[in-house]
Amino acid sequence: MFAVIRTGGKQYRVSPNDVIEIEKIAGNPGDMVELSEVLLLGDGGAATTGSPTVSGAMVAAEVVEQKRGDKIIVFKKKRRKGYRRTKGHRQELTALRITEILTGGKKPSKAAAKPAPTKAKAAEKAEAKADVKTEAKADEAAAKKAPAKKAPAKKAAPAKKAPVKKAAAKKAPAKKAPAKKS
């Protein structure tokens, strides 16, 4: 199933689990957003178009991050007039992950908002915690052993004194050449 939505003056073709970048909308990462301007719904070969929007249709999305786009340089010039202006612009963007496409006036489900962690992710988190614990234990053991061993003191080499530099002598002013006689 897919939908064509309109937001920020642009149209996007989306389906569940797509990640899109749109012009900035309010929301923090992890928040759910409802996009109600659905222009077209498609399912296989059948398509439902709206006039201008499909009634009762909505797209639920999760805010992934708020960021800024690449810099665009705006350069203005009028030839032969000495007029040049350079300006930069970075567009504020919101990255969204589409969770559901809803029809018939349904509301977004909470389960779609927070996907259940997979077993692989849970195993990775457990391994990361175990690694941190073993590193901490190894650091403690190294700290206990370090004071027990005492290295013999090394003899310090006698320090050499740096030679004292003398101030440079001032040069005598250059002599001027005698003026030419005419």
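Predicted model: local features only at pLDDT ≥ 70, side-chain atom pairs only at ≥ 80, totals over all residues.
How many aromatic pairs does the count come to? The count comes to 0 aromatic pairs.

Residues are numbered from 1 along each chain as its sequence is written, and side-chain values use heavy atoms, with hydrogens and water left out.

**The sheet**

- An open sheet is built from 4 strands in the order S3-S8-S7-S4, with antiparallel pairing. Strands here are DSSP runs (E, at least two residues), numbered from the N terminus. Two strands pair if DSSP finds at least two bridges between them.
- The edge strands are S3 (19–23) and S4, and each pairs on one side only.
- Neighbouring strands of this sheet are turned by 45° against each other on average, direction ignored. Axes are lines fitted to C-alpha atoms, and angles run from 0 to 180 degrees between N-to-C directions.

**Strand by strand**

- S3 and S8 are antiparallel partners over 5 bridges. Ile20 stands opposite Leu96 in S8.
- S7 (residues 58–78) and S8 (residues 83–102) pair in the antiparallel sense over 18 bridges. Here Arg68 stands opposite Glu92 in S8.
- The hairpin of S7 and S8 has 4 residues between the strands. Arg80 takes a positive phi near 65° in this hairpin.
- S4 (residues 32–35) joins S7 in the antiparallel sense over 4 bridges. Leu35 stands opposite Val59 in S7.
- In a regular strand the side chains alternate between the two faces of the sheet.

**Salt bridges**

- The structure holds 5 salt bridges. Each is a side-chain nitrogen of Lys or Arg within 4 Å of a carboxyl oxygen of Asp or Glu.
- One of them joins Arg6 and Glu37, at 2.8 Å from N to O. This pair links distant parts of the chain, 31 residues apart. Arg6 lies in strand S1 (residues 2–7), and Glu37 in the loop between S4 and strand S5 (38–43).
- Arg68 and Glu92 form another, with the closest N and O atoms 3.6 Å apart. The two residues are 24 residues apart in the chain, Arg68 in S7 and Glu92 in S8.
- Glu65 forms a salt bridge with Lys67, and their closest N and O atoms are 3.8 Å apart. Glu21, Glu65 and Lys67 are linked in a network of salt bridges.

**Exposure of the bridged residues**

- Buried means under 20% relative accessible area, exposed over 50%, and partly exposed in between (1.4 Å probe, protein chains only).
- Arg6 is partly exposed at 33%, and Glu37 is partly exposed at 34%.
- Arg68 is partly exposed, with a relative accessible area of 45%.
- Glu65 counts as partly exposed at 35% relative accessibility. Lys67 counts as partly exposed at 27%.

**Charges over rings**

- A charge sits over a ring if NZ of Lys or CZ of Arg is within 6 Å of the ring centre and within 35 degrees of the ring normal.
- The charged end of Arg13 sits over the ring of Phe2, 4.0 Å from its centre.
- The charged end of Lys78 sits over the ring of Tyr83, at 5.5 Å from the ring centre.

Key. Phe/Tyr/Trp six-rings, centres within 6.5 Å; stacked < 30°, edge-to-face > 60°.
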